[in-house]
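Hello,

My notes on it follow below.

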Amino acid sequence: MTGYKRVDGTGPDQAAAMQELAARLWSWSSRWHPGELAWFWAEHGGPEPSGRLAHWTRDGRVVAWAWTRNERLDLQVDPDHLDLIPRLLDWAADDSRAVTLLDAETALLEALGAHGYERHDEGPFFAHLRRSLGDLPGSPPLPDGYTLRAVDGSPADAEVRAEAHRNAFSVRRRPVTMTGDDYRAVMRAPSYRPALDQLVLAPDGSPAAAALAWLDERSGVAVLEPVGTAPGHRRRGLAAAAAHAALRAARDLGGRGARVCARGDDDAPAARAAYEALGFRVYARNVRLVRR
Ligand SMILES: CC(C)(COP(=O)(O)OP(=O)(O)OC[C@H]1O[C@@H](n2cnc3c(N)ncnc32)[C@H](O)[C@@H]1OP(=O)(O)O)[C@@H](O)C(=O)NCCC(=O)NCCS
């Protein structure tokens, strides 16, 4: 096991390396799309302080990365370099007890099984859904008085967009604190495109819903992350309108397919139902592995 180089750190180079591997390995059997890595990174202005990250290169090419947060391990490994796994698990140490993979990542599942990991499928899980962009239907109607537009990419619009995010995702005991500054950091992500960031304004001008897509130009696959509607405006077709507009913009930029993740269990059915109403279908699910 020679020739691998590990790079630790939580700076932008780490984010770029992870997205580079996710883009190079993308297939419908991948858990990771580079766009959602861009969002997860930028959403909080970088990884949580308790998180640790590393990527491994060989001959100058990124071949694996690992990210520990809250005692769980997320990872991506080039299937040609599964011999890295013991090294990666050593690096993750006590944070390697629980790992989440996509059920379609069969080679990685088998390799981790050989290191004592077992599937624990009880409890909430995320499903992955997809649809083609070639046969998008016409735009769904907006209720009277609501308007739909792309984010204009200006610093001022970041304030409105952050408010849309807070309105949609805050719950009583878990308020979302995203500020205009935080959203400006999202907008600075190299793959962020304002045209793919769609906002619905209520009749009083307040932000009611939003949907952001990230297009991976290499594969032509866009990912929706995130989509949200403020509680007082739900079930009026606003998420459908915003997501549809983001998907149409992705198609206009060359996108051919789209993927989204949503809770797959029946305890939180709204998002999955909303995506299915938009023509998405479940094709895979995340599985949780725990080390014996
Ligand atoms: C999921 C969410 C985005 C849906 O937003 P919305 O604006 O209410 O969705 P829409 O009105 O466009 O719904 C379109 C269709 O989706 C389905 N749907 C939406 N919410 C549903 C629910 N709670 N239960 C069942 N079906 C639902 C319905 O088929 C609906 O059409 P209908 O109202 O004519 O029956 C919203 O509930 C939300 O923001 N939740 C919190 C954040 C979140 O979970 N985001 C998604 C993960 S990133």
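First, a term: helices (H or I, at least four residues) and strands (E, at least two) are DSSP runs, numbered from the N terminus. With that, N70 sits in the loop between strand 3 and strand 4 (72-77).

The model is predicted: local features need pLDDT of at least 70, side-chain atom pairs count only at pLDDT 80 or more, and totals for chains, interfaces and linings use all residues. Residues are numbered from 1 along each chain as its sequence is written, and side-chain values use heavy atoms, with hydrogens and water left out.

**Ligand site**

The ligand is surrounded by 18 residues. Near means that a heavy atom of the residue lies within 4 Å of the molecule. V227, T229, R235, G237 and A240 are the closest.

Which elements each supply at least two residues of the shell around the ligand? They are helix 5 (155-169), strand 11 (221-229), helix 7 (238-252) and helix 8 (270-277). Helix 8 gives the largest share, six residues.

The shell has 12 nonpolar, three polar and three charged residues. The classes are as follows: Ala, Val, Leu, Ile, Met, Phe, Trp, Tyr, Cys and Pro are nonpolar; Asp, Glu, Lys and Arg are charged; the others, Gly among them, are polar.

Now the polar contacts. These are pairs of N or O atoms within 3.5 Å; within protein, one must be able to donate a hydrogen and the other to accept it, and residues adjacent in sequence count only if both atoms are side-chain atoms.

- T229: an N or O atom of its side chain is 2.7 Å from an oxygen atom of the ligand.
- G237: a polar backbone atom is 2.7 Å from an oxygen atom of the ligand.
- A239: a backbone N or O atom is 3.0 Å from an oxygen atom of the ligand.

On its own, the ligand has 910 Å² of accessible area, and the protein covers 69% of that. Accessible areas come from the Shrake-Rupley method with a 1.4 Å probe; for residues, only the protein chains shown count as cover.

Strand 11 also holds P226. The peptide bond from E225 to P226 is cis, with omega near 0 degrees.

**Annotated domain**

An unreviewed UniProt entry carries the annotation "domain: N-acetyltransferase" for residues 146-292. UniProt positions are in the numbering used here, feature names are shortened, and annotations may be inferred rather than shown by experiment. Over residues 146-292 the chain is 32% helix and 31% strand. The end C-alpha atoms of that stretch are 53 Å apart.

Are T57 and T100 buried or exposed? Buried means under 20% relative accessible area, exposed over 50%, and partly exposed in between (1.4 Å probe, protein chains only).

T57 is in strand 2 (residues 52-58). T57 is buried, at 13% relative accessible area. Contact means heavy atoms within 4.5 Å. Not counting residues up to four places away in sequence, T57 touches G3, Y4, K5, V62 and V63.

T100 is in strand 5 (residues 98-102). T100 is buried too, at 15%. Leaving aside neighbours within four places in sequence, T100 contacts R31, L73, D74, N286 and V287.

**Positive phi**

D59 is not a glycine, yet has a positive phi of about 50 degrees. D59 is in the loop between strand 2 and strand 3 (61-69). D59 counts as exposed, at 76% relative accessibility.

N70 is not a glycine either, and has a positive phi of about 50 degrees. N70 counts as exposed, at 59% relative accessibility.

Best wishes
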